[in-house]
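My notes follow, in the order I looked things up.

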Amino acid sequence: MENKKGFTLVEVIVAVFISTILIAAVYFMFVRVYLENESQNEFVKMQDTLRSISQIVETDIRKSSQYIDIDVAGDIYTIIEKDHENGSTLKETPYELVDNVLYRNAVFLMDKVESFKIIEKEYYLEVEIKSESKGREIKHDKKIYLRQP
């Protein structure tokens with residue numbers, strides 16, 4: 001019998017089988033990481049959007065005289081700016097949640113909003129916004145302190 005160098009057919013088949021298993025494992029791990037990354041990106045995007053909305057509400061309040069009332073009618077929260085001296089209404093800014101879509105002055109702000117609230121406290125307003133992304137609840141709360149008379 002002569003001494004031939006090389007691999008037998010069985011060794012090649014075993015090597016191909018092991019390589020296929022390793023490549024499949026790496027592929028499925030890559031897919032899982034990619035999908036998780038996409039989910040995280042969507043979550044972060046929703047958080048940023050909620051933060052931006054609360055910043056818009058804060059800007060509306062900061063630009064006002066800060067003598068304001070909050071009128072609540074169902075899912076409509078209206079910031080009513082009042083004149084400090086005579087109490088007359090200067091400006092109204094409604095925020096309305098319709099079918100999980102949030103509007104400000106009838107202009108689209110964001111969709112996929114589960115709840116939106118502006119809660120009037122003694123010295124501040126609290127803005128609560130909730131949304132959902134792939135079964136994960138996203139919540140943003142902000143306290144906006146008012147100037148004292």
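**Starting at Lys117**

I looked up Lys117 and found it partly exposed, with a relative accessible area of 36%. My cut-offs: buried is under 20% relative accessible area, exposed is over 50%, and partly exposed is in between (1.4 Å probe, protein chains only). I am working from a predicted model, where local features need pLDDT of at least 70, side-chain atom pairs count only at pLDDT 80 or more, and totals for chains, interfaces and linings use all residues. Residues are numbered from 1 along each chain as its sequence is written, and side-chain values use heavy atoms, with hydrogens and water left out.

Lys117 sits in strand 6. Helices (H or I, at least four residues) and strands (E, at least two) are DSSP runs, numbered from the N terminus. Where is the bridge partner of Lys117 in strand 7? I found Glu128 there. Strands 6 and 7 run antiparallel and are joined by 7 bridges; two strands pair if DSSP finds at least two bridges between them. A hairpin of 3 residues links strand 6 to strand 7.

I then listed what Lys117 touches, skipping neighbours within four places in sequence: Tyr77, Glu126, Val127 and Glu128. Contact here means heavy atoms within 4.5 Å. I also checked Asp75, which is 42 residues from Lys117 in sequence but 8.1 Å away in space, C-alpha to C-alpha.

**Thr93**

Thr93 lies in strand 3 (residues 89-98). Its relative accessibility is 4%, so I logged Thr93 as buried. Beyond four places in sequence, the contacts of Thr93 include Asp60, Tyr77 and Arg104.

Outside its four-place neighbourhood, Ile129 is in contact with residues including Leu50, Ile53, Val113 and Ile138.

**Whole chain**

I counted 1 helix and 8 strands. The radius of gyration is 29 Å, well over the 15 Å that the globule rule gives for 149 residues, so the chain is more spread out than a compact globule. That radius is taken over C-alpha atoms, and the rule is 2.2 Å times the number of residues to the power 0.38. The C-alpha atoms fill a box of roughly 115 × 30 × 20 Å along the principal axes.
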